[in-house]
Amino acid sequence: MTGPARAQAWPTRPVKIIVPFGLGGSADVMARYLAEPLREILGQPVIVENRPGAGAVIGTDAVAKSEPDGYTLLMMSNTHTANETLLPNRPYQLLRDLVPVASCNIAYNVLVVHPSVPAKSLAELIAYAKANPGKLNYASSGPGTPYHIVGEIFRAMAGIEVQHVPFRGSDGARNAIVAGQVQYMFDAIPTMRAQINSSNVRGLATTGPKRDVLLPDLPTVAETLAGFDGPIWLGLMAAAKTPPELVARINTAVNQVLAASATREWMEKLGSQPMPMSAQDFAVFMARDVETQRKWITEAKISVN
C-alpha cells in the first residue's frame, strides 16, 4: 500500500526539469511550455533548469545521479539515443541509469542552401557536390545533435564528400548559412521557413516521410533518396528506480497536456505534432531508436571528433 500512498502524496514540493541543452533550442522551448500546464495539473511549481555541455552529457548525468523520487526530470531528445553509440565513455547508460517517463513530440527538418549554390533541387545539389568533392560545407548546431546526424546520413546515402562545420548552438549555424559562410544545412522547418520566404536561403527538401504542411511545395528527401528519414523528437526521463507509480503519474499528466487543443495548435505552428505514449511504449520506442541510430552511425562512419 505504500506505493499508491506515495503516488497520492506526490508532489509536495516543486518539480524540476533539467534541459541538457542551451536556451532557445527545441528541448528548452518544450520544457518551458510544459511547465505551466503541469503546474496546474500537479499543484506544484515546475522549474526548468538548463545544464548544457559535453554533448548533453552534463545535464543528463545530473539526472541519472539524482534521487529517484520524481522531483527531477530530464528533457531529452534523439541526441541521447545517438550518444549511446557516439560517446562510449559517457558516465551513464541511457536505459540502465534512467527510466523513460513520457514522450512529447516529433518534428522534421528542411534542407536549405545558400542562394550562391547553383542547385535548384536535391538531385542538383547531389550532382554539384559530386562534381566538387570536398568543396561544400554544411553547418550543424554541434557534434552529435540531430542536425549533425541527419547531415551525415544524407552525406552517406548521397555518396558525396562534404565538410561538417559544427557550431555551439543553432543560432551560429543559422547565421552562417544566411551569410554564405557554409553552403547548406538541415534545420527546423518553422525557423527556416521565414528565411526561405525572404530568399535568404533556398529550400530544397524536407526530412519527413511525407511533404510538410508548412512547406507543401518542397519534396521530401526520401523522394530522391529512398528510405531517408530525419526526425527530431523529445521526451522526459527520470532516474532509474523511480517508483513505477510516480512514472505513471507523470506520464498521465504529460499526456493530458499533449491532448489539449491549445497544445496541438501550438505545436502545429512550430511544425511538430504531439507524440503521446505510455511509459512502457516510450521505453520500447527508445530502445528501437538506440539501435536505429547505432546502425546509421556505424554505416555512415559518423563521429564527434
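The lining of the largest pocket draws at least two residues from each of α2 (26-42), β4 (98-113), α7 (146-158), α8 (170-179), α9 (189-197) and β9 (231-239). Helices (H or I, at least four residues) and strands (E, at least two) are DSSP runs, numbered from the N terminus. This is a predicted model, in which local features need pLDDT of at least 70 and side-chain atom pairs count only at pLDDT 80 or more, while totals for chains, interfaces and linings use all residues. Residues are numbered from 1 along each chain as its sequence is written, and side-chain values use heavy atoms, with hydrogens and water left out.

A pocket is an open set of points on a 1 Å grid over the protein atoms alone, where a 1.4 Å probe fits, with protein on both sides within 12 Å along at least five of seven lines; lining residues have an atom within 4 Å of a point. Grid points are joined across faces, edges and corners, and a volume is the space filled by probe spheres set on the points. In the classes below, Ala, Val, Leu, Ile, Met, Phe, Trp, Tyr, Cys and Pro count as nonpolar, Asp, Glu, Lys and Arg as charged, and the others, Gly among them, as polar.

| Pocket | Volume | Lining by class |
|---|---|---|
| Largest pocket | about 1100 Å³ | 23 nonpolar, 19 polar, three charged residues |
| Second largest pocket | about 380 Å³ | eight nonpolar, six polar, five charged residues |

Of the 45 residues lining the largest pocket, F21, G25, S26, S141 and S170 lie nearest its centre. The second largest pocket is lined by 19 residues, and K210, D212, V213, G271 and Q273 are the closest to its centre. Here β4, α11 (261-269) and β10 (272-274) each give at least two lining residues.

V213 sits in the loop between β8 (202-206) and β9. V213 and G271 are 58 residues apart in sequence, and their C-alpha atoms are 7.9 Å apart in space.

Some backbone angles also stand out. Most residues other than glycine have a negative phi, and most peptide bonds are trans. The peptide bond from W10 to P11 is cis, with omega near -5°, and P11 belongs to the loop between α1 (2-9) and β1. A54, in the loop between β2 and α3 (57-64), has a positive phi near 55° and is exposed at 51% relative accessibility. K241, in the loop between β9 and α10 (244-259), has a positive phi of about 75° and is exposed at 79%.

Conventions: Buried means under 20% relative accessible area, exposed over 50%, partly exposed in between (1.4 Å probe, protein chains only).
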